[in-house]
Amino acid sequence: MELRINQKAYQVDADADTPLLWVIRDDLGLTGTKYGCGLAQCGACSVLVDGNVVRSCVTPVAGVVGREITTIEAIETDEVGKRVVATWVEHQVAQCGYCQSGQVMAATALLKHTPAPSKAQIDAAMINLCRCGTYNAIHAAVDDLAKQGGV
């Protein structure tokens with residue numbers, strides 16, 4: 001089957017029900033997307049599919065054929081994603097960094113759909129888990145981007 005990931009077409013030979021995460025990481029070598037829980041609870045595996053956040057650890061690869069998939073490796077090719085990454089660095093959000101690719105994907109999707117989100121919208125969208133507890137820094141970074149409106 002053919003997948004479109006980061007604006008490139010890839011031919012993959014995988015069972016239809018193989019989680020997208022394993023195709024991205026193991027078959028294509030794009031290791032920025034992380035395995036966290038395997039239950040779609042933590043968000044470390046978050047990618048964008050047609051601009052929406054998707055937990056790739058439970059998304060069957062057959063379900064994303066013909067759709068545009070974006071991983072952390074290409075997030076800075078998007079203007080909003082580029083601003084999110086720059087603000088993450090400015091706020092020194094990451095500690096261990098393991099969850100941060102998923103956090104950046106969630107923030108980018110939020111700001112693309114809602115350029116000036118309210119605190120409640122930020123709280124509702126930024127639900128990925130962070131074992132280091134960088135939630136205050138994450139929320140401060142997204143809040144700064146929200147105040148810029150239209151990023």
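Biologist: Let's start with A116. Leaving aside neighbours within four places in sequence, which residues is A116 in contact with?
Modeller: Q121, A146 and G149. Keep in mind that this is a predicted model.
Biologist: Where is A116 found?
Modeller: In the loop between helix 3 (100–113) and helix 4 (119–125).
Biologist: And how far apart are A116 and K147?
Modeller: In sequence, 31 residues. In space, their C-alpha atoms are 6.3 Å apart.
Biologist: What about V89 and A141?
Modeller: Those two are 52 residues apart along the chain. Their C-alpha atoms are separated by 9.2 Å. V89 belongs to helix 2 (residues 79–90).
Biologist: Is V89 buried or exposed?
Modeller: Exposed. Its relative accessible area is 60%, and the cut-off for exposed is over 50%.
Biologist: Let's zoom out. How many helices and strands does the protein chain have?
Modeller: Five helices and five strands. The pattern along the sequence is β-β-α-β-β-β-α-α-α-α.
Biologist: What domains does the assignment give?
Modeller: Domain 1 covers 1–72 and domain 2 covers 73–146. Their C-alpha centres lie 20 Å apart.
Biologist: How many residues are in contact between domain 1 and domain 2?
Modeller: On the domain 1 side, 21 residues. They are in contact with 15 residues of domain 2.
Biologist: Now helix 1. Which of its residues are buried?
Modeller: Helix 1 runs over residues 20–27, and L20, L21, V23 and I24 are buried there.
Biologist: What covers the buried residues of helix 1?
Modeller: The cover includes strand 1 (2–5), strand 3 (46–49) and strand 5. Just after helix 1 comes G29, with a positive phi of about 70°.
Biologist: Which residues other than glycine have a positive phi?
Modeller: Q7 is one of them, with phi near 65°. Q92 is another, at about 50°.
Biologist: Where do Q7 and Q92 sit?
Modeller: Q7 is in the loop between strand 1 and strand 2 (8–11). Q92 is in the loop between helix 2 and helix 3.
Biologist: Are they buried or exposed?
Modeller: Q7 is exposed, with a relative accessible area of 57%. Q92 counts as exposed too, at 66%.
Biologist: Switching to S56. Where is it?
Modeller: S56 is in the loop between strand 4 (52–55) and strand 5 (68–70).
Biologist: Why does S56 count as buried?
Modeller: Because its relative accessibility is 0%, and buried means under 20%.
Biologist: Which residues is S56 in contact with, leaving aside neighbours within four places in sequence?
Modeller: P19, L20, L21, T33, C45 and V47. Of these, L20 and L21 are among the buried residues of helix 1.
Biologist: Back to the whole chain. How does its radius of gyration look against a compact globule?
Modeller: It agrees. A compact globule of 151 residues would be near 15 Å, and the protein chain has 15 Å. The C-alpha trace spans about 45 × 30 × 25 Å along its principal axes.
Biologist: What share of the residues is buried?
Modeller: Buried residues make up 42% of the 151. The accessible surface comes to about 7,400 Å², and 50% of that belongs to carbon and sulfur atoms.
Biologist: Last one. How many positive and negative side chains are there?
Modeller: The protein chain has 12 positive and 16 negative side chains. The centres of the two sets lie 6 Å apart.

Conventions
Residues are numbered from 1 along each chain as its sequence is written. This is a predicted model: local features need pLDDT of at least 70, side-chain atom pairs count only at pLDDT 80 or more; totals for chains, interfaces and linings use all residues. Side-chain values use heavy atoms; hydrogens and water are left out. Helices (H or I, at least four residues) and strands (E, at least two) are DSSP runs, numbered from the N terminus. The radius of gyration is taken over C-alpha atoms; the globule rule is 2.2 Å times the number of residues to the power 0.38. Buried means under 20% relative accessible area, exposed over 50%, partly exposed in between (1.4 Å probe, protein chains only). Accessible areas come from the Shrake-Rupley method with a 1.4 Å probe; for residues, only the protein chains shown count as cover. Lys and Arg count as positive and Asp and Glu as negative; His and the chain ends are not counted. The place of a charge is taken as NZ of Lys, CZ of Arg, CG of Asp or CD of Glu. Contact means heavy atoms within 4.5 Å. Domain bounds come from an automatic or database domain assignment.
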